[in-house]
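Please walk through this structure with me, one element at a time, and keep the picture beside the text as you read.

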Amino acid sequence: MTINHFIEQTLLKPSTTERQIIDLCNDAKKYEFYAVCVNSCYVALAKQLLSKSTVKIVSVVGFPLGAMSTEAKVFEAKTAVNDGADEIDMVINIGLLRSKNYVAVFKDISDVKAAIGKTPLKVILEISELSKNEIVKICEICLDAKVDFIKTSTGFSKSGATLTAVKIIKKIVKDRAKIKASGGIRDRETALKYIDAGADRIGTSSGVAMMTNKTDTAKY
């Protein structure tokens, strides 16, 4: 399996420098990863660096907490797309979901989806903060909002992706949305297990290690 085409090579640490973004994009081109995933402030730089390649640019929005206003998420998403983002990964408002304010959760997602038009939208659930029933409910809301992908985790909470969660999500969404597994996936063998479980993309900071068969212990 050509695992590189599943990988979104990711660098989202708050201390990330321009030099590190340059290295990220060079690695993505070298190994022909599907995409790089960066904070929105670096989308324009990534666009400049990747303009002559097939590597796509993914920007996170409302990251990593998801607790800002919907208007702020909409503005960030639109700005990222204007700067060159090919896809948007937005974090849900976990507090509103756990409050059972499902109308507000749906509006938060659907307003961002409407703002970016045909640009693919991934919705980050942060599964470590949710019960199984909450995972089921947010997946149903995401389908109602016609999102393109459901993403497991930011990598900034107490834990990341789990195979169990990916299987639950796949059972709910079937072929109506794709799945991005992210958070704590650091080696090729683990990534392949997620793909076998139904993941269509792998978000990881360890893509280079996966391609060179080295061990990467870095946090996502």
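Which residue in S3 is the bridge partner of Cys37? The bridge partner of Cys37 in S3 is Val58. The model is predicted, so that local features need pLDDT of at least 70 and side-chain atom pairs count only at pLDDT 80 or more, while totals for chains, interfaces and linings use all residues. Residues are numbered from 1 along each chain as its sequence is written, and side-chain values use heavy atoms, with hydrogens and water left out.

Strands (E, at least two residues) and helices (H or I, at least four) are DSSP runs numbered from the N terminus, and two strands pair if DSSP finds at least two bridges between them. Strand S2, residues 35–38, runs parallel to S3 and is joined to S3 by four bridges. On the other pairing, S3 and strand S4, residues 87–91, are also parallel, with four bridges, and here Ser59 has Ile88 in S4 as its bridge partner.

S2, helix H2 (residues 43–50) and S3 form a right-handed β-α-β unit, where right-handed means that, with the strands pointing away from the viewer, the path from the first strand over the helix to the second runs clockwise. S3, helix H3 (residues 70–83) and S4 form a right-handed β-α-β unit as well.

Strand S3, residues 56–61, has five of its six residues buried, that is, under 20% relative accessible area with a 1.4 Å probe and protein chains only. Cys37 is buried too, at 0% relative accessibility. The structure holds zero disulfides, a disulfide being a pair of cysteine sulfur atoms within 2.5 Å.

Note on methods. Buried means under 20% relative accessible area, exposed over 50%, partly exposed in between (1.4 Å probe, protein chains only).
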